[in-house]
Amino acid sequence: RPSPLGAARDAAARALATTALVLSLSVSSSPAGALDAVKVGECLLQKCTGELARCIADPTCAANVVCLNLCNGKKDETGCEIKCGDQFANDVIANFNKCAVSNKKCVPQEKDKGEYPVPPVGATVDTFDTRDFTGTWYITAGQNELFDIFPCQKHEFSSPEPGKLVGELYWRVKTPYGAEVERTATQRFVADPEHGGILYNHDNEFLHYQDDWYIIGYKKDEYALVYYRGSNDAWDGYGGAVLYTRAKTLPLKYVPELREACAKVPGLSWDDFKKTDNSCKRLQENTIAEELERDAAILRLDLKDLENDVEIGLFGLPSEIGKDLRKIENVVETEEKVLAEDVSLVEQFFAEKLGLVFGRR
């Protein structure tokens, strides 16, 4: 979907991945990587103490850290980190991200690499009218696998007044066990006064993100081909492209003109698009509950390993950071006392309502 959420997830991934790396850092770490990690980690530990502690004490945020830790060294490390952010999301992660990325700027912004340039003059369809884009639309194909290709992308649009567009976005994310979880977001756009095919989504509080839409292909009530690029506190110059259609599946008869529309933007090719699955099958509540049970067991093991890494890593870190880590530990202990009560209630709920028994180790 053409959304800043994917890039924002990358911000969370980069911040938490760095934290995970710092927490597991040992003497054998490579000097260059260690120095970079320590620099960011020191900022996180000193300036986002409470937020980091709550993250470590929160099952979802802690599971995200474990997931991110497994991405270290992978060929597609960024993609792996973003997928972790897709699967694990809550207010605790959002608050940590706000502190680390926006407020304290512990994580440096990734600069624009020119991968998604501004389209040339004349590439957009300036006859596009926001009032004609209302109702239900589906994303049936996407260009950027990190941000655009998800199951069940059903979006509802309205145009409160000429030149304005509001999108209520709905999509699903696949979990490691094959189930799907729901995600939602609201986005607001304003059309360029001179070019109806350019829409701006600016002035947002969340990571101060801003997205620009370029309608490079359009057939009223049939499809809209949207190329987008954006910027936020974590990443400047992210982008992608999606095809909106009234139908749930890609109408193949339009492929030749879609291919021609893509050719108007340097570096964009229709051959890079992938179809999406909008069958929107009924969510299986029991399957998700079973995943929670498996995740709880895995998380207990992985957090124990991470705890051991922290004990080892403390001997390889500068003394000031070691003190900061111990300060985090004290805050976490306080958070864990409250968390233990919450976990007990959750386990009781699953045992009584769903017949699940959480294994203890």
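A disulfide is a pair of cysteine sulfur atoms within 2.5 Å. The model is predicted: local features need pLDDT of at least 70, side-chain atom pairs count only at pLDDT 80 or more, and totals for chains, interfaces and linings use all residues. Residues are numbered from 1 along each chain as its sequence is written, and side-chain values use heavy atoms, with hydrogens and water left out.

**View A. The disulfide of Cys 152 and Cys 280.** Cys 152 and Cys 280 are joined by a disulfide, S to S 2.1 Å. The link is right-handed, with 105 degrees about the S-S bond. Cys 152 sits in the loop between β1 (135-142) and β2 (154-158), and Cys 280 in the loop between β9 (274-275) and α8 (285-313), so the pair ties together parts that are 128 residues apart in sequence. Helices (H or I, at least four residues) and strands (E, at least two) are DSSP runs, numbered from the N terminus. Cys 152 counts as buried, because its relative accessibility is 3%. Cys 280, at 24%, counts as partly exposed. Buried means under 20% relative accessible area, exposed over 50%, partly exposed in between (1.4 Å probe, protein chains only).

**View B. The disulfide of Cys 48 and Cys 99.** A disulfide links Cys 48 and Cys 99, with 2.1 Å from S to S. This link is left-handed, at -95 degrees about the S-S bond. Cys 48 lies in the loop between α2 (31-47) and α3 (49-57), Cys 99 in helix α6 (residues 91-103), so the pair ties together parts that are 51 residues apart in sequence. Both cysteines are buried.

**View C. The disulfide of Cys 55 and Cys 61.** The sulfur atoms of Cys 55 and Cys 61 are 2.0 Å apart and form a disulfide. The link is left-handed, with -90 degrees about the S-S bond. Cys 55 is buried at 0% relative accessibility. Cys 61 is buried too, at 0%. The structure holds 4 disulfides.

**View D. The largest cavity.** The structure holds 1 cavity of 30 Å³ or more. A cavity is a set of points, on a 1 Å grid over the protein atoms alone, where a 1.4 Å probe fits but cannot get out; lining residues have an atom within 4 Å of a point. About 40 Å³ of space lies in the largest cavity. The lining includes Glu 110, Lys 111, Trp 235 and Asp 236. By class, the lining residues are 1 nonpolar, 2 polar and 6 charged. Ala, Val, Leu, Ile, Met, Phe, Trp, Tyr, Cys and Pro count as nonpolar, Asp, Glu, Lys and Arg as charged, and the others, Gly among them, as polar.

Key: 1 Å grid on protein atoms, 1.4 Å probe; cavity = no way out; pocket = protein on both sides within 12 Å on 5 of 7 lines; lining within 4 Å. Points joined across faces, edges and corners; volume = space filled by probe spheres on them.
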